[in-house]
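Visitor: I'd like to learn to read this model one feature at a time. Could you walk me through it?

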2 protein chains.
Amino acid sequence: MSNKQIIYTTPPAPAIDPSLTSGTFRLNTIPIPKDVPTDKLLVRVHYLSLDPAMRQWLTAKRSYIAPVEQGAVMRGQSIAQVLVVGSDLTSKYSKGDWVVAGSGWQEYAVVDAKEAQKVTVPAGGRPTDAMSVLGMTGLTAYFGMVEIAQVKKGDTVVVSGAAGATGMVAGQIARIKGAKRVVGLAGSKEKCDFLVKELGFDAAVNYKDSDWRKQLKIATPEYIDVFFDNTGGDILDACLARAAQNSRFAICGAISQYNAAKPQGPASFMSVISQRITLKGFIVFDFVKQYSAALQELGSWLAEGKLKRKEHIVPGGLEAAPQGLIDLYAGANTGKMMVEVAPVSEALGPKAKL
Amino acid sequence: MSNKQIIYTTPPAPAIDPSLTSGTFRLNTIPIPKDVPTDKLLVRVHYLSLDPAMRQWLTAKRSYIAPVEQGAVMRGQSIAQVLVVGSDLTSKYSKGDWVVAGSGWQEYAVVDAKEAQKVTVPAGGRPTDAMSVLGMTGLTAYFGMVEIAQVKKGDTVVVSGAAGATGMVAGQIARIKGAKRVVGLAGSKEKCDFLVKELGFDAAVNYKDSDWRKQLKIATPEYIDVFFDNTGGDILDACLARAAQNSRFAICGAISQYNAAKPQGPASFMSVISQRITLKGFIVFDFVKQYSAALQELGSWLAEGKLKRKEHIVPGGLEAAPQGLIDLYAGANTGKMMVEVAPVSEALGPKAKL
């Protein structure tokens, strides 16, 4: 049996090229490892996560994480199933366990125990939630909204990338925490309808409409107290110009800028002074000690129906990952985007209930 | 006797035009008011303050203060002497008192009592300090460095506009509060020498040198923990790129951008996320309840010789104010810039000890 891998070969310049022969990545096929070291697990990848941060991992700038080396398997997390348990780990893992694994972009991976969090489903959750609303994206939304933006009762809250995996949770948390008005920015009418009709946002603005700045103004009659930013660029700029006094801007991501050869700074930056705005960047990993408490709260909101989840599954196997990543930056997804590397029907045993 | 006034007539487009006949301002001459209302003071202006914020007061954007109306006397503070005391105010003011007055740009002004803070000189101070190190600029430096940036022992601190009235105090406060390294950015070799040799900065970088970014890097071997920004633009950008993790950026001003037709956002904004930077804008007026405690501390540092002051007096009377303001934006000053509207030798009585 063989293991397909996607290898990072060529830095994007600046866009990612999806060709697996002449592009950013290359397809590689090797045998599935036979010998699993005693302190490791062999896992099979079923769902591969696609994340906005990935573009940043390909460039060598000073960041919170080292860049992926050229020639290495592309970095990524997945929902995977344990096939072989190294002899030192048999008390902790069993064949057939589902894990969130730091597998990288490949069909099979040998991983350390610390790179394989067993999926334990809290009340209200389901296994794939471990990579979305009860995983990194949900936690990012939680700490950004609660700890960084310190959302409070009566706030007008705006979320950019609001139909994305993190944004949709962030907006819902704002509502749960008593925000007076929750407004989302997204890139299509369908996404905007989803935010208002399915998730209960008060308003949603399609930033591809020519009059989106005017729509944003109308949607925020009392200005913006909290902005949860996933996009940067023009949207950050417009929200700075619309900021209320003493507003808090949680800077989570800047997806509009990741592929830019020359990043664009927010031209309305001077509002920071006149409106006494606090902008604070953050990385979810800084809150690791608070993960379990946050997951409990997120899980209870799911169980109570206060928090809704949405996934966007990309078909086509591992080879679909590069184009999927490009589509993520183009905003093709509503909710958490993942590539189906192997369907659940191929999973082992009775635990395969995704 | 006549009273000269400078009237704001024409919005800058975007630069200030110094002509007093066809420019941004117009000279007006009226009689000195004879009748002083019972609740007001007639004051004579001696030293008129020139402040970076003034350019912003001329534009109609949403700000912390209403813009100056076209046709009105230009707004400004001054060190002035009381000539006539309205009959309701005789218990609080005497003829000959020195005040910091919201006089505007004119030789004589009738002002409310609330627009005329009597100059009381704390230990270590002198009367003109009331408009600089013991006035708004000193307080701005104090609250920006202590409350917003929360400077602490061991920090590497960078100050832009470091030879300006606020910057030079901000840098000295950082040193007093235990910063490990204090680095200033200024616009000439003379200013840089002044910062290092007279004020005890560890290093100073002339941002007009072609290799200033490299110099800044060398001057901050352990990155930047605190940045006190008066300039914005390229300097803010370079400091974002040089920020340490969890650094604090106190955004005080953006003098490089005030005259720009199209303001420039910081291109390195994405460091905010990777380095978890907090940027916080502030306005000194928000700290009014803490003024007296801060002034006491600033005064004691002056008395102990820990804090040094520097003034830049523009000669030529009231008419010199528009060009003085232009020179301020060009960085002509070292220290607090003020226009000598009337020399101290013309002041009344024995209290005239400026």
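**Reading the interface and a few local features**

Visitor: How many salt bridges are counted between chain A and chain B?

Guide: Two salt bridges are counted between chain A and chain B. The term stands for a side-chain nitrogen of Lys or Arg within 4 Å of a carboxyl oxygen of Asp or Glu. Take Asp286(A), which bridges to Arg276(B) with 2.6 Å between the closest N and O atoms. Before we go on, this is a predicted model: local features need pLDDT of at least 70, side-chain atom pairs count only at pLDDT 80 or more, and totals for chains, interfaces and linings use all residues. Residues are numbered from 1 along each chain as its sequence is written, chains are lettered from A and ligands numbered from 1 in the order in which they are written, and side-chain values use heavy atoms, with hydrogens and water left out.

Visitor: What about polar contacts: how many residue pairs does the rule find across the interface of chain A and chain B?

Guide: A polar contact is a pair of N or O atoms within 3.5 Å; within protein, one must be able to donate a hydrogen and the other to accept it, and residues adjacent in sequence count only if both atoms are side-chain atoms. Across the interface of chain A and chain B, the rule finds seven residue pairs, both partners at pLDDT 80 or more.

Visitor: Which elements of chain A supply at least two residues of the side that touches chain B?

Guide: Helices (H or I, at least four residues) and strands (E, at least two) are DSSP runs, numbered from the N terminus. For chain A, look at α6 (233-241), β12 (243-251), α7 (271-274) and β13 (278-281), each of which supplies at least two residues of the side touching chain B. β13(A) gives the most, with four residues.

Visitor: How do β13(A) and β13 of chain B pair?

Guide: Strands pair if DSSP finds at least two bridges between them. β13(A) and β13 (residues 278-281) of chain B run antiparallel, paired over three bridges. In that pairing, Lys280(A) stands opposite Thr278(B).

Visitor: And how many residues does the contact take from each chain?

Guide: Contact means heavy atoms within 4.5 Å. On that count, chain A gives 34 residues and chain B gives 34 residues. Every interface residue of chain A (100%) is also an interface residue in chain B, so the copies meet through the same surface.

Visitor: How is the symmetry to be read?

Guide: Two copies of a chain are related by a rotation about an axis and a shift along it. Here, a rotation of 180 degrees with 0.0 Å of shift along its axis superposes chain A on chain B, at RMSD 0.1 Å. The two copies are thus related as by a two-fold rotation axis. Within chain A, Gly265(A) comes closest to the axis, at 1.9 Å for its C-alpha.

Technical notes. Copies are superposed by least squares on the C-alpha atoms of residues with pLDDT of at least 70 in both.
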